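Please keep the sequence and the model at hand while reading.

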Amino acid sequence: MELGIRGKNVVVTGGSMGIGYAAAELFLQEGAYVTIAARNEERLKKAVYELSQKYGEEHIRGVPADCSKEADVKKLAAAAAREDRIDIWVNNVGTNKLR
Ligand SMILES: NC(=O)c1ccc[n+]([C@@H]2O[C@H](COP(=O)([O-])OP(=O)(O)OC[C@H]3O[C@@H](n4cnc5c(N)ncnc54)[C@H](OP(=O)(O)O)[C@@H]3O)[C@@H](O)[C@H]2O)c1
């Protein structure tokens with residue numbers, strides 16, 4: 001299905017596993033450029049490697065970031081921008097105030 005997102009620049013927070021990883025893969029299947037972020041660098045590298053094997057190294061990158069920290073989110077945005085642009089930002093990482 002052509003969703004009109006081919007070539008778009010996408011960020012998925014929490015993209016190294018679970019729902020975020022699945023979302024990143026769906027964007028990649030549509031031909032988007034995707035940056036995934038997570039805290040655990042080993043798992044992040046593994047996810048980037050797996051996705052790069054399927055969709056090409058130029059389409060996927062990983063940025064270590066704790067998305068509960070404003071400074072990390074700013075760094076993530078700067079690292080993910082392509083031609084000064086991010087088209088889609090998926091705030092997949094959530095938290096619970098009760099935790
Ligand atoms: N699965 C469900 O049934 C369900 C239902 C309702 C809501 N949700 C919500 O949907 C989101 C994803 O769920 P999931 O089941 O896919 O979770 P998951 O399998 O535990 O994956 C969470 C992902 O987010 C990353 N992450 C967690 N905290 C982070 C932080 N502070 N900064 C950056 N990355 C962070 C994790 O990597 P690192 O640990 O390496 O950072 C991992 O990549 C969560 O917010 C969850 O509460 C899930």
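## A first question

Which residue in β2 is the bridge partner of N9? The partner is Y33. The sections below place this pair in the wider structure.

## Basis of the model

The structure is a predicted model, in which local features need pLDDT of at least 70, side-chain atom pairs count only at pLDDT 80 or more, and totals for chains, interfaces and linings use all residues. Residue numbers start from 1 along each chain as its sequence is written.

## Overall architecture

The chain holds three helices and four strands. Helices (H or I, at least four residues) and strands (E, at least two) are DSSP runs, numbered from the N terminus. Along the sequence, these elements follow the pattern β-α-β-α-β-α-β.

The C-alpha trace spans about 40 × 25 × 20 Å along its principal axes. The radius of gyration of the chain is 13 Å, which agrees with the value near 13 Å for a compact globule, because the chain has 99 residues. This radius is taken over C-alpha atoms, and the globule rule is 2.2 Å times the number of residues to the power 0.38. Of the contacts in the chain with a separation of 6 or more, 60% are between residues 24 or more positions apart; two residues are in contact if their C-beta atoms, placed from the backbone, lie within 7 Å.

Buried residues account for 31% of the 99 residues. A residue is buried if 20 or more other C-beta atoms lie within 10 Å of its own, exposed if 12 or fewer, and partly exposed in between, with C-beta atoms placed from the backbone.

## The strands β1 and β2

β1 (9-13) and β2 (33-38) pair in the parallel sense over five bridges. Two strands pair if DSSP finds at least two bridges between them. Besides the pair of N9 and Y33, V12 has I36 as its bridge partner in β2.

In a regular strand the side chains alternate between the two faces of the sheet. In β1, N9, V11 and T13 point one way and V10 and V12 the other way, and all are buried. β1 is thus described as mostly covered, with five of its five residues buried. β2 is largely enclosed by the rest of the structure, because six of its six residues are buried. Y33, T35 and A37 lie on one side of β2, and V34, I36 and A38 on the other.

## The nonpolar core

The largest nonpolar core has 21 residues, of which V10, A24, V34, I36 and A37 touch the most other members. β1, α1, β2, α2, β3 (60-64) and α3 (70-80) each supply at least two residues of this core, and the largest share, five residues, comes from β2. A nonpolar core is a set of buried Ala, Val, Leu, Ile, Met, Phe, Trp, Tyr and Cys residues joined through C-beta atoms within 7 Å.

Leaving aside residues up to four places away in sequence, A24 touches V12, G15, V34, I36 and L51. L44 belongs to helix α2 (residues 41-55) and counts as buried because 21 C-beta neighbours lie inside 10 Å. With the same exclusion of residues up to four places away in sequence, L44 touches S16, I36, A38, G62 and P64. L44 and V63 are 19 residues apart in sequence and 7.9 Å apart in space, C-alpha to C-alpha.

## The ligand shell

The ligand is surrounded by 19 residues, the closest being G14, G18, R39, N40 and G94. A residue is near a molecule if its C-beta atom, placed from the backbone, lies within 6 Å of it. α1 (18-29) and β2 each supply at least two residues of the shell, and α1 gives the largest share, three residues.

By class, the shell has seven nonpolar, nine polar and three charged residues. Ala, Val, Leu, Ile, Met, Phe, Trp, Tyr, Cys and Pro count as nonpolar, Asp, Glu, Lys and Arg as charged, and the others, Gly among them, as polar.

Most residues other than glycine have a negative phi. E83, which is not a glycine, has a positive phi of about 50 degrees, and phi of D84 is near 60 degrees. E83 is exposed, with 5 other C-beta atoms within 10 Å, and D84 counts as exposed with 6 C-beta neighbours inside 10 Å.
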